[in-house]
Amino acid sequence: MSTEQQNIESITNTDVATEATNTASNTTSTSTDTNTSASTTTATTETTTNATTTAPTTSSTESASSNGQTTTTTAPQANTNTNTTSTTVSTNSPPNNKRKEIDTQQPPKYIETRIRKKAREALDLISNTKQRQASLFNLLGNDYTGPTEQQLEMIFRLFSRNGKTIGADELKSVIRAMGKRPLTRRIDKILNECDENGNGTIEMDEFVRYMQKKAMEKAKTLGLLGESDDDDDDENEGGDTDEEKEDAAPKKKAANAKPKSKKSTKKAAATTATTTTAAATTAATTTTAPPKSVMKQPSFFQPIKKGSSIVHYYTENAGTHINANVELDQYSNPKGVEHDLGVEGAFTQFTILIGRFYNSSDLECIKDLKSKGFQIIEALTQKDFINKLAQSDIALIISGYANDNTTTEQEFTDKVEEYHKVGKGLFIWNDNAPYVLHGNWVTKRLYGIVADGNEPGKQDLTLGNGLDKQHFSSHLVTSGIVNLYEGITISSFADITPANGKLEVLASSSQGNKIMLVSSTDPTKVDANCGRVVIDSGFTKLFAQFFSAGTSRYVKNCCVWLLALDHRFRLGVEVSGEIQKPKETPVWQYLHGTWNDYDTDAGKVVEEAYQEWLTNPYTDVRSVKSGAWAYQIDFKQNKQTNIQHFAHTTRDIRRVLKNVVKPTIN
């Protein structure tokens, strides 16, 4: 063990009370030897005064400012002949004479004392900084309810269109998927801090580090960790935390602080020495009673409403296929439900309707879908199927070869199309011809394409480019899959160009034919209100005797993806229920690298001011207020200026008409 590591261990194991006892004797040596610890402030003991003096006589104190930082107040020494150095009052450690009382009242929390801080800072010198950052969320313990590093990376991958960066639009989706409100000031702040080259995009590492930083700051605000010397000024910049700034006005006194007596008030007017007591009282109260602004909305350290974050549904491995040092099954796919797309048991509020128009044996996949929490209902006739559609979130169609005459093709496809156009998912299964009837009814109606053929399969497809022979593409539905069985006898699609880009090829058979299709991931190619679709041409792999490589995970992943949860978070609508048809709506945008939409509330404020300007165009500049910020909007020049921010940032703005699904959640 190195000398530095030994020092760290000895420092960390030192008792806090012993440090307080030994500080008095070491005051002089610690103040003179400035090279011992440049990153810490030398502590001194209180100087004894005459018996009638009750205020401590330390030379300086720290008090909490309105923005969460600390300020130092200097006080003159009273009746002392020694020169004392600056004193730092920890806002996390109560006075020694109250330590036992506090310990018995509440369970111990992690507090970064001066000793622990010194050890951590020393550790930085001999360890990799990035490795230490990777464990920051672990440091927060069970109090932390926000996403982990792996979950943050998953959310980033989910909404990044190129897999590397995200812009303001994607960042709004990311923030909403974390269970937070995508306020314009929040998006703007994150871009300002993370977008170093000003092109309006940020990278995954930058985003994760930023969220780590905000979680640590929040922990310190709540008293879960020691105070930081470089707290961010959310009051000035407009924060990405969940507190509303309108309620975060500076408070001169802590909520639980006792009122000062008249005598102490008069004495404070004559000398600033009494501020030491006030600072100590404030420090003690702020650690146990966080400001109301912190507690107003769900945050990193409060319970999050079930379903308000994508991490409640998607595993941290969503979109990945294999990780190092994981156990593999006989088909070289990773073992364990943590490699599925969906979280085990998370989907109890969702129902899958299975239309079994080819009914030969039990479906092996049903028990796997139930393990995810899905409710399963079945229909054996066309009429029964369309009557039960309204009860479900996903419709799974196993094609037969003949019309059972309980409905006409028109009646059947009318109902399925209505279902599709309100955001519900369709999982269409064909097999070799003629077992393509019901699937072809639907795909012909929606996309103008049909499946045909009788190709012998019995081969495993491998991860790669789905347009290549015997390969499937990387996609959320293939999360955790490296090898996937194609089926026994399969049909295929000769031409999908009539779909006009609304469908993508997921996999090609061992003979090079298109056998698996999915809805396009390009939001410009599909209608926002329409549900997702998966089409597979080998339903024999659903049956127990043919249930082979990757099938179980593939079916579960497809059903989770068909719920379109990531898409719903992007739109700002509920995770279940119908999605309304988009309407042409005026949308206000601001320029930050790229054109970015205002959040809904801010857009309404600007639109109202714009309509007022249209009736009275002689006054070009309007003053508007959005959230915590006040702006001057020049509609003639199409510019906005933040008159409240110290930088008085000016940006170009514009008004465009877009087809928008009305958000139902913030």
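I searched the whole structure, a predicted model, for aromatic pairs and found 23. I counted rings of Phe, Tyr and Trp (its six-membered ring) as paired if their centres lie within 6.5 Å, with planes under 30 degrees apart called stacked, over 60 edge-to-face and the rest tilted.

I then turned to Tyr358 and Tyr435. Their ring centres lie 5.2 Å apart with the planes at 80°, so this pair is edge-to-face. I located Tyr358 in the loop between strand S5 (351-356) and helix H16 (365-371), and Tyr435 in the loop between strand S8 (425-429) and helix H19 (437-447), so the pair ties together parts that are 77 residues apart in sequence. Helices (H or I, at least four residues) and strands (E, at least two) are DSSP runs, numbered from the N terminus.

I noted that Tyr358 is partly exposed, at 24% relative accessibility. Tyr435 is partly exposed, with a relative accessible area of 24%. Tyr358 and Tyr435 belong to one aromatic cluster that includes Tyr401, Phe539 and Phe543.

For the protein as a whole, I recorded 22 helices and 22 strands. Of its 666 residues, 47% are buried.

I numbered residues from 1 along each chain as its sequence is written, and side-chain values use heavy atoms, leaving out hydrogens and water. Local features need pLDDT of at least 70, side-chain atom pairs count only at pLDDT 80 or more, and totals for chains, interfaces and linings use all residues.

Terms used:
Buried < 20%, exposed > 50% of the residue type's maximum accessible area, 1.4 Å probe, protein only.
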